[in-house]
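Please look through the model below before reading these comments. They are meant for someone new to reading structures.

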Amino acid sequence: MNDHSSRSHSVFQLHIEGSNSANGLVCRSTLCLVDLAGSERLDKSRSTGERLREAQAINTSLSCLGLVILSLSNKEAHIPYRNSKLTHLLQNSLGGNSKTLMFVNVSPLEEDFHESLNTLRFASQVGRV
């Protein structure tokens, strides 16, 4: 989403179509590979200026993704996909009959315990969708 920084989400979508010439059946699907930028504790990072705005935008989009995941796992009537560009873009990959696989990275350092725990809680919530 940000081509000028390494601190951004990366989304790759591959649209696939197959057809059976014998019966004319056409099947379409999308493979979506997403690399999410990690959340950042603003007080810990001491970011300023453009880096601060970038971190805030990343944190906001991750929060929106968390709300979508929570809404899906609670089977709520309204899912807030339009709260961020990221969730709007991933709408078809998160709901319906889609399959989702998530890898998370956590830190073994004691000072990162709370961030690692939050990451694992988020991944656990994704598993309930």
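1. Basis. This is a predicted model, in which local features need pLDDT of at least 70 and side-chain atom pairs count only at pLDDT 80 or more, while totals for chains, interfaces and linings use all residues. Residues are numbered from 1 along each chain as its sequence is written, and side-chain values use heavy atoms, with hydrogens and water left out.

2. The core. The largest nonpolar core has 11 residues, among them Cys32, Leu65, Val68, Ile69, Leu72, Tyr81 and Val126. Helix H2 gives the most to this core, with four residues. A nonpolar core here is a set of buried Ala, Val, Leu, Ile, Met, Phe, Trp, Tyr and Cys residues joined through side-chain atoms within 4.5 Å. Buried means under 20% relative accessible area, exposed means over 50%, and partly exposed lies in between (1.4 Å probe, protein chains only). In soluble globular proteins, nonpolar side chains tend to be buried together.

3. Tyrosine 81. Leaving aside neighbours within four places in sequence, tyrosine 81 is in contact (heavy atoms within 4.5 Å) with Val68, Leu72, Thr87, His88, Gln91, Leu94 and Gly95. Val68, Leu72 and Leu94 are also listed in the core.

4. Helices (H or I, at least four residues) and strands (E, at least two) are DSSP runs, numbered from the N terminus.

5. Salt bridges. How many salt bridges does a search of the whole structure find? There are two, where a salt bridge is a side-chain nitrogen of Lys or Arg within 4 Å of a carboxyl oxygen of Asp or Glu.

6. The pair between strands. Arginine 28 forms a salt bridge with glutamate 17, with the closest N and O atoms 3.0 Å apart. This pair links distant parts of the chain, since arginine 28 is in strand E2 and glutamate 17 is in strand E1, 11 residues apart. Arginine 28 counts as exposed at 60% relative accessibility, and glutamate 17 counts as exposed at 53%.

7. The pair within a helix. Arginine 53 forms a salt bridge with glutamate 50, and their closest N and O atoms are 3.2 Å apart. Both residues lie in helix H2, three residues apart, about one turn of the helix. An α-helix has 3.6 residues a turn, so residues three or four places apart point the same way. Arginine 53 is partly exposed at 49%, whereas glutamate 50 counts as exposed at 52%.

8. Valine 26. Valine 26 lies in strand E2 and counts as partly exposed, with 37% relative accessibility. Not counting residues up to four places away in sequence, valine 26 touches Glu17, Gly18 and Ser19. The C-alpha atoms of valine 26 and serine 98, 72 residues apart along the chain, are separated by 18 Å.
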